[in-house]
Amino acid sequence: MSLLVVNNLKKIYTTRFGGNQVMALSNVTFSVEEGEYVAIMGESGSGKTTLLNILASLDKPTSGEVLLNGQSFNQIKESGLSAFRRQHLGFVFQDFNLLDNFSIRDNIFLPLVLAGKHYEAMNEKLMPIAKKLEIMDILDKFPYEVSGGQKQRAAVARALITDPKIVLADEPTGALDSKATDHLLHLFSKINNEGQTILMVTHSTRAASHAKRILFIKDGEVYHQLYRGGMSQDTLHQKISETLSVLTSEGGSHE
Amino acid sequence: MNSRFYLGLARDNIKKNARLFTPFILMNIGIVSLFFIMHTISRNPGLSTMSGGDSLKIILGFGNAVIGIFSTIFIFYTNSFLMKRRKKEMGLYNILGMEKKHLAVMLFIETFMISVLSIAIGVLIGSVFSKLMYMVLLKLLGFTGTFSFVIPMASILMTFFLFGCIFMAAASYNTWHIHLSRPIELIRGGNVGEREPKTKWLMTLVGVISLGAGYGIAVTVSNPLQAITMFFVAVILVMIGTYALFTAGSIALLKFLRSRKSFYYQSSHFISVSGMIYRMKQNAVGLANICILSTAVLVTLSTTVSLYLGLEESLDNQYPLDVVMYSHDNTSDPSSDIAGYVASVADEVGVKTMDAFGFSSVSTLAKRYSNGYEPISDGNFNDSNTLIIFVPVADLNQVIDSPIALAVDEVALFNTSGNLDLKTLTLGDQTFDVVREVETFGNFNQVDNPMFKELYVFVKDMAAIEEVYKTFTNEEFRGFDYQYMFDLEVPSPEFEKAIRSGLVNEPHITYMGSKAGMRENFFSTYGGFLFLGVFLGTLFMLATVMIIYYKQISEGFDDQSRFDIMQKVGLSKREIKRSIKSQIVMVFFLPLITAMIHIAFAFPVITKLLALFSFTNTALFILCTAVTLLVFAIIYFAVYNMTARAYYKIVNS
């Protein structure tokens with residue numbers, strides 16, 4: 001059984017006064033196996049963010065369903081959603097979303113504290129992750145004192161510390177320079193090789209070329225997918241670029 | 001760019017920022033009308049013809065100055081807050097191509113529009129209410145009859161001038177502020193990464209010490225005259241303490257809590273402790289302001305209301321009978337002439353006196369120890385000293401049913417603060433048998449005055465008093481005082497006038513006081529105080545409301561993004577709301593609670609200050625304070641609730 005199953009997702013936004021309807025997702029179906037590293041690509045406005053918000057249980061689909069480990073999101077009560085998010089999902093955002101008033105350590109602890117864990121237990125969990133992500137020396141600093149790359153690694157640590165079933169990353173390299181981007185993508189691959197399932201939304205070809213599978217979304221549907229297979233990163237990069245140019249040149253054909 | 005463009009731009013800006021500007025304009029209107037009303041009343045010609053009008057004029061003039069000063073502070077405070085919030089807007093204009101000088105012109109025009117609007121409406125409202133307020137004042141002063149009321153041109157001019165200056169100064173400040181900043185800073189606005197505040201131990205220590213010292217003084221001060229100066233010292237110390245503890249102490253405490261891991265890493269404490277550190281850093285000064293202002297409102301209102309309501313009682317304390325006169329004679333018995341003089345004047349005017357009561361006395365300050373008193377030479381009136389008044393027993397016998405006969409070594413006692421229950425009384429080296437203690441002496445009753453302790457010692461006769469006095473004080477005897485008091489059958493200002501004007505021919509009569517005269521004096525003073533108290537109370541209240549409102553709004557903007565992040569990380573909306581609510585409640589009720597603690601500690605010293613005004617009804621003062629507190633708390637809570645809604649609107653958007 002797949003870890004994450006997405007069945008016929010549809011999302012229609014209605015503008016405030018009930019006038020225009022905007023179809024953000026028309027029909028999205030795919031699944032993610034345990035241990036996969038999937039990138040979802042698409043142009044701005046293709047519905048990537050809507051999809052991710054639904055996968056994150058921050059938003060509800062108009063129709064269709066999402067199953068994680070066989071459990072449908074639709075069956076979880078509103079009141080249990082936060083706890084569900086906390087226990088099963090890890091998030092990495094483009095703009096880090098660290099809280100200014102917490103030290104890096106406390107930012108990483110946040111989900112565990114909310115789950116009622118003790119300090120010693122949390123610290124024990126933190127140490128190997130912090131070592132792996134090379135943030136040991138900045139644990140007691142505050143977000144405004146560290147670089148963007150360090151902030152993003154701290155955010156990754158926060159996502160990993162709850163042992164989530166899946167890490168959802170929304171443009172994780174969007175606010176990073178190329179060096180920090182490489183470093184982060186390298187870490188993502190490393191984490192994935194250790195068995196962590198990752199789903200990343202991006203429009204950076206470079207970021208996507210690190211994934212094992214790439215889904216292309218266009219006009220609210222899965223348009224195409226690429227498997228890495230035995231391809232080298234450069235070849236994959238090449239392939240992605242080609243697919244993207246086909247995607248854009250065919251603009252409007254799916255109306 | 002032409003002037004019409006600027007006008008339109010300024011008008012649009014004000015409209016667009018209605019959420020920020022509306023309360024500002026309302027506050028300005030309130031302040032302007034308060035100032036205007038106070039000014040018209042204090043300049044009213046009717047005041048000079050009123051008895052006690054001079055002291056009233058001084059009080060109202062003082063009120064004018066205070067309102068003027070606080071208006072300036074409040075307008076500047078609010079204005080700078082508005083500017084901070086509008087940084088981003090300014091940055092945008094700047095980047096879109098408006099130069100700083102254009103921004104300056106725009107800001108000046110905005111301020112100009114706001115000030116004209118505020119001042120004009122303020123003066124208008126002030127004009128409508130000033131006559132009403134004037135009547136209220138006259139009513140408070142116990143004044144009946146008609147007085148014409150005009151609105152002096154000077155008041156209108158003065159109001160326009162003063163507030164025009166304040167607003168122009170505020171506009172200049174804004175321009176200067178814009179001039180100093182770079183557009184990119186402006187665009188970022190308030191969103192520059194907020195730094196974690198440092199723990200300021202020294203300041204915390206200063207805060208603890210000054211607050212402790214202030215409280216200590218307030219609680220221990222015993223001397224009523226000293227109480228005046230010490231009260232101000234205590235006020236300053238408590239203010240310093242409040243500011244220091246709100247700014248540094250709160251952060252030191254929160255950081256201490258954070259360092260205790262088992263406490264800090266609990267889901268209910270984790271977010272609130274770190275959130276509070278951040279909040280206190282930004283809001284400490286504003287909250288300390290609210291606290292100080294609240295305390296000021298409470299003290300001003302509770303004391304002025306108490307004084308006013310307790311006026312008759314204070315009067316009775318000072319004047320048991322309608323008229324009191326003193327004479328002093330160091331050669332013979334001074335009692336002879338004073339009664340004769342009063343009788344002759346009464347005959348002349350045609351009034352009848354009654355319940356006349358007089359006694360000779362000589363007094364000295366002493367200090368109490370177990371069952372006796374020791375003389376003190378340079379003591380002051382305070383609650384550890386007692387004024388001993390020697391009176392010949394014959395003067396007591398004229399007002400009691402069963403006369404007392406005393407031997408040389410015997411005394412009778414009347415202690416004003418309650419019976420002493422002594423068998424023998426030791427005065428220095430002399431010991432007397434106490435034959436009897438009386439509970440009243442003529443029109444003097446036992447009252448619990450915390451400040452003035454008086455012990456009347458009745459001795460065999462005047463010759464004996466002379467001996468006792470000399471041995472006790474080791475000083476030369478300088479003759480007897482004679483105190484004479486009486487009631488009038490009907491109040492008669494003519495009589496009082498006549499008796500006062502005749503005093504020039506009666507050199508041994510040293511003092512004459514009348515209850516009626518004093519009442520007018522009290523009314524004009526206390527009524528004036530009360531009027532001023534209500535005015536200042538309203539002004540401070542306005543400022544408090546304003547600060548709370550703007551604090552809520554800025555909190556809202558700051559919390560918006562944090563609210564978002566926490567939700568993404570896995571906090572439910574309800575949990576977030578609960579945590580934020582508890583922090584907000586803590587932030588806004590901290591000043592009120594602190595103000596109440598201040599009031600509690602100020603209580604002893606204020607009671608002593610009130611005693612200086614012959615106000616000894618502690619129960620009434622407690623009641624007034626409690627009612628004021630209650631009313632204030634209700635208003636505070638209502639304002640909080642209203643502004644909290646504005647806060648949630650911002651956070652949820």
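**Entry 1: B:Thr386**

I began with B:Thr386, which counts as buried at 4% relative accessibility. The model I am reading is a predicted one. I placed B:Thr386 in strand S4 of chain B, a strand that covers residues 385–392. I then listed what B:Thr386 touches, leaving aside its neighbours within four places in sequence. The list holds B:Thr364, B:Leu365, B:Ala366 and B:Tyr373, and also B:Lys453, B:Glu454 and B:Leu455.

**Entry 2: B:Leu140**

Next I looked up B:Leu140, which sits in helix H6 of chain B, residues 100–140. Is B:Leu140 buried or exposed? Its relative accessibility is 16%, and the cut-off for buried is under 20%, so I noted B:Leu140 as buried. Beyond its neighbours within four places in sequence, I found B:Leu140 in contact with B:Tyr308, B:Phe523, B:Gly527, B:Leu530 and B:Phe531. For one of these, B:Gly527, I also took the distance: B:Leu140 and B:Gly527 are 387 residues apart in sequence, yet their C-alpha atoms are 5.2 Å apart in space.

**Entry 3: where chain B meets chain A**

I turned to the interface. How many residues of each chain are in contact across it? I have 25 residues of chain B against 25 residues of chain A. The area buried between the two chains is about 2,400 Å², and carbon and sulfur atoms give 65% of that area. On the chain B side, B:Tyr265, B:Lys568 and B:Val569 lose the most area to chain A. Together these three make up 28% of what the chain B side buries.

I checked which helices of chain B take part.

I then looked for salt bridges between chain B and chain A, and the rule finds zero. For polar contacts across the interface, the rule finds three residue pairs, with both residues at pLDDT 80 or more.

**Entry 4: chain A overall**

I counted elements in chain A and have eight helices and ten strands. Along the principal axes, the C-alpha atoms of chain A fill a box of roughly 55 × 45 × 40 Å. I compared the radius of gyration with the globule rule: a compact globule of 255 residues would have a value near 18 Å, and chain A has 18 Å, which agrees. Of the 255 residues in chain A, 54% are buried. I also looked at contacts in chain A with a separation of 6 or more, and residues 24 or more positions apart account for 69% of them.

What is the phi of A:Ser57? I have it near 60°. A:Ser57 lies in the loop between helix H1 (48–55) and strand S4 (63–68) of chain A. A:Ser57 is buried, with a relative accessible area of 8%.

The other is A:Asn97, with a phi near 55°. Where does A:Asn97 lie? I located A:Asn97 in the loop between strand S6 (89–92) and helix H3 (104–114) of chain A. A:Asn97 has a relative accessible area of 8%, so I recorded A:Asn97 as buried.

Technical notes:
Residues are numbered from 1 along each chain as its sequence is written. Chains are lettered from A and ligands numbered from 1 in the order in which they are written. This is a predicted model: local features need pLDDT of at least 70, side-chain atom pairs count only at pLDDT 80 or more; totals for chains, interfaces and linings use all residues. Side-chain values use heavy atoms; hydrogens and water are left out. Helices (H or I, at least four residues) and strands (E, at least two) are DSSP runs, numbered from the N terminus. Buried means under 20% relative accessible area, exposed over 50%, partly exposed in between (1.4 Å probe, protein chains only). Contact means heavy atoms within 4.5 Å. Buried area is the accessible area (1.4 Å probe) that two parts lose on being put together, summed over both. A salt bridge is a side-chain nitrogen of Lys or Arg within 4 Å of a carboxyl oxygen of Asp or Glu. A polar contact is a pair of N or O atoms within 3.5 Å; within protein, one must be able to donate a hydrogen and the other to accept it, and residues adjacent in sequence count only if both atoms are side-chain atoms. The radius of gyration is taken over C-alpha atoms; the globule rule is 2.2 Å times the number of residues to the power 0.38.
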